[in-house]
Amino acid sequence: MKVQFQIAHQCCKIHTRKVLGLYNREMANKKQLFKYLLVLDFEATCDNKHQPVPQEIIEFPVIKINTTTLESEAIFHTYVEPDINPKLSPFCTELTGIRQSQIDGQPHLTEVLDKMVPAWMEQHGLLDPENSSLFVTCGDWDLKTMLPSQCSYLKKQPADYFHKWCNIKKAFCDVTSKFPRGMMEMLTVLGIPHTGRHHSGIDDCTNIGNIAKELIRRGHVFKQTYYRHP
């Protein structure tokens, strides 16, 4: 009798795994609205005593994710030398891991926005209207506050593709019915190990990308959550 129960229990577990496997594949195969997600996470000048004015971007990373294959297909990454306050505070280096030597002599934001990002977008087919893409950020700060404020200071207008994005916290909430405090909480809830250094822009992009991939596997269809009028 015990052997029969063990066999039945094992068969039930196998059947459950098959059903869950089919369910996960069906959910992951949901049609996405965008071919690519562009995961972005700035790091910027900061201080725990007197916040620098203006606050300036010092790390500009983007990871391109194919929403069909869930592969990370390309990376854009550069450090950025501030125009106004080029000296990093000890607090900023401690928080982000970015040393003064890593930003000295690096491109200024104007060059990054006018030349480097458009060249990378063109190289990877992201300016082709058929290759739809959407920026993904952890919160709205990067593209709602940080980039517009620095561009305003520089008397620049951000490119149109920076005007819309998905706040991955809202995508996470759609899947889990819980609005997260931040990236680390999302990783924990989804059972994804954290990699790299927290507050390293490129490492945060990797982790946010892993969250996005898992949400797609669970059936989430990424959509624009914010549009900033020019």
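Tutor: Lysine 156 sits in the loop that runs between α5 (141-153) and β6 (164-167). Helices (H or I, at least four residues) and strands (E, at least two) are DSSP runs, numbered from the N terminus. This is a predicted model, in which local features need pLDDT of at least 70, side-chain atom pairs count only at pLDDT 80 or more, and totals for chains, interfaces and linings use all residues. Residues are numbered from 1 along each chain as its sequence is written, and side-chain values use heavy atoms, with hydrogens and water left out.

The side chain of lysine 156 makes a polar contact with the side chain of aspartate 114, at 2.6 Å. A polar contact is a pair of N or O atoms within 3.5 Å; within protein, one must be able to donate a hydrogen and the other to accept it, and residues adjacent in sequence count only if both atoms are side-chain atoms. Set aside the neighbours within four places in sequence, and lysine 156 is in contact (heavy atoms within 4.5 Å) with Thr110, Leu113, Asp114 and Cys151.

Now the rings. The whole structure has eight aromatic pairs. Rings of Phe, Tyr and Trp (its six-membered ring) pair if their centres lie within 6.5 Å; planes under 30 degrees apart count as stacked, over 60 as edge-to-face and the rest as tilted. Phenylalanine 42 and phenylalanine 60 pair edge-to-face, 4.8 Å centre to centre, with 65° between the planes. This pair links distant parts of the chain: phenylalanine 42 is in the loop between β1 (36-40) and β2 (43-44), phenylalanine 60 is in strand β3 (residues 57-66), and they are 18 residues apart. Phenylalanine 42 has a relative accessible area of 3%, so it is buried. Buried means under 20% relative accessible area, exposed over 50%, partly exposed in between (1.4 Å probe, protein chains only). Phenylalanine 60 is buried too, at 0%.

Phenylalanine 60 also pairs with phenylalanine 76, edge-to-face, at 5.8 Å centre to centre and 85° between the planes. Phenylalanine 60 lies in strand β3 and phenylalanine 76 in strand β4 (residues 72-79), so this pair ties together parts 16 residues apart in sequence. Ring pairs link Phe42, Phe60, Phe76, Trp120, Phe135, Tyr161 and Phe162 into a cluster.

Finally, the chain. It has eight helices and seven strands. Of its 230 residues, 47% count as buried. Among contacts between residues at least 6 apart in sequence, 70% join residues at least 24 apart.
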